[in-house]
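The following note is intended for a colleague who is meeting this structure for the first time. Its points are numbered so that each may be checked against the structure shown here.

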Amino acid sequence: MHSHHDHGHGHGHTQHFDTHNRSFALAVVLNVVFVAIEAVYGVLSGSLALLADAGHNLSDVLGLIMAWVASWMATKKATDRNTYGLKKSTILAALFNALFLIAAVGGIAWEAIGRFSEPAEVTGLTVIVVAGIGVVINGLTMLLFMKGQEGDLNIRGAFLHMAADTAVSVGVVVAGLVIMFTGLNWIDPLVSLVIAAVIFLGTWRLLKDSLNLAVDAVPREINPEQVLDSLKELPGVESVHHLHIWGLSTTENALTVHLVKPDPASDDKVIEQATRMLASDFNIHHVTIQWEREAGSCPTLAYC
């Protein structure tokens, strides 16, 4: 006997996308303009720090676009072939973005290490002005995602990325000031390595979380032992097995479980209680429960 509860999250995804659609559009436009400015003046001034930051910001633009597209895809209705819709696209977007950033870190670090032996002449004032523009643009972009960061890994990732970019741009300004007043051009590749380290540290968590979600691991914020204990405490439930918890998207979680409950009385009430508890305590909204009347009656118990 199966019971499935789904609280209409397709509509919720549509509202979520509508809320952040303008923020994504404005963020992409602002950052594309800034990437162009950084790339041009990075070449003209000979600053690897500016070029490194331009590469980083370009990856942010790609990440924003992927998150934007994935948020739109998550609003698509389920079909006979895609029974959960396309919600998983938000997880794949996060994973691809993380892998792209890791590759960018390697390229920046390799070029920076080479420049320590042959430091290039850098125009300090140009670096300061362009990176200063970056502080403003990244700061504005960060504010666009400040409201929606709670409860959405994609939006929170965008917010933290922009916050890190703002800090990195401040670092580039400092490097430009040091170069302008001291003439120490090796400061430029040093800052590039710091930028690479900041990107790597921020990306590692994203890579780990998105990879876990991609292989249907239990989402990091959910403790499966606590879920198990809570299910065991439901009225009339003697034991719990075949418990599976995974992420449908970066914002939605699902659960399937077999509950042994000998007395069929109040089955519907217990299911209602279980779904309310899982939603409020663990942010699990897609719940499928299979009742069993005897502990040894599960035909797939050996595979639990």
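1. Burial and surface. In this predicted model, 46% of the 304 residues of the protein count as buried. The accessible surface of the protein amounts to about 15100 Å², and carbon and sulfur atoms hold 65% of that surface.

2. Architecture. Eight helices and four strands make up the secondary structure of the protein. Read from the N terminus, the order of the elements is β-α-α-α-α-α-α-α-β-β-α-β. Among contacts in the protein with a separation of 6 or more, 75% are between residues 24 or more positions apart.

3. Salt bridges overall. How many salt bridges does a search of the whole structure find? The search returns seven.

4. Glu-252 and Lys-87. These two residues form a salt bridge in which the closest N and O atoms are 3.6 Å apart. Glu-252 belongs to the loop between β2 (239-247) and β3, and Lys-87 to the loop between α2 (48-73) and α3 (89-117), so the pair ties together parts that are 165 residues apart in sequence.

5. Lys-88 and Asp-216. A salt bridge joins the side chains of Lys-88 and Asp-216, at 2.4 Å from N to O. Lys-88 is in the loop between α2 and α3, whereas Asp-216 is in the loop between α6 (187-214) and α7 (224-232); the pair therefore ties together parts that are 128 residues apart in sequence. Lys-88 is partly exposed, with 27% relative accessibility, and Asp-216 is partly exposed, with a relative accessible area of 40%.

6. Arg-205 and Asp-209 form a salt bridge, their closest N and O atoms being 3.7 Å apart. The two residues are four apart in helix α6, so about one helical turn separates them. Arg-205 is partly exposed, with a relative accessible area of 45%, while Asp-209 is buried at 9%. A network of salt bridges links Arg-205, Asp-209 and Arg-220.

7. His-258. Which element holds His-258? The residue is placed in strand β3, which spans residues 253-260. His-258 has 11% relative accessibility and therefore counts as buried, the limit being under 20%. The side chain of His-258 makes a polar contact of 2.7 Å with the side chain of Glu-292.

8. The nonpolar patch. Leu-58, Leu-62, Ile-65, Val-69, Trp-72, Phe-96 and Phe-100 make a nonpolar surface patch of about 600 Å². Which helices each supply at least two residues of this patch? They are α2 and α3, and the largest share, five residues, comes from α2. Trp-72 is located in helix α2 and is partly exposed, with a relative accessible area of 42%.

9. Points to inspect. The reader may wish to view the loop between α2 and α3 as a unit, with Lys-87 and Lys-88 both lying in it. Lys-87 is paired with Glu-252, and Lys-88 with Asp-216.

Notes:
Residues are numbered from 1 along each chain as its sequence is written. This is a predicted model: local features need pLDDT of at least 70, side-chain atom pairs count only at pLDDT 80 or more; totals for chains, interfaces and linings use all residues. Side-chain values use heavy atoms; hydrogens and water are left out. Buried means under 20% relative accessible area, exposed over 50%, partly exposed in between (1.4 Å probe, protein chains only). Contact means heavy atoms within 4.5 Å. Accessible areas come from the Shrake-Rupley method with a 1.4 Å probe; for residues, only the protein chains shown count as cover. A polar contact is a pair of N or O atoms within 3.5 Å; within protein, one must be able to donate a hydrogen and the other to accept it, and residues adjacent in sequence count only if both atoms are side-chain atoms. A salt bridge is a side-chain nitrogen of Lys or Arg within 4 Å of a carboxyl oxygen of Asp or Glu. Patches are made of residues with over 30% relative accessible area and no salt bridge: like charges are joined within 9 Å, nonpolar side chains (Val, Leu, Ile, Met, Phe, Trp, Tyr) within 5 Å.
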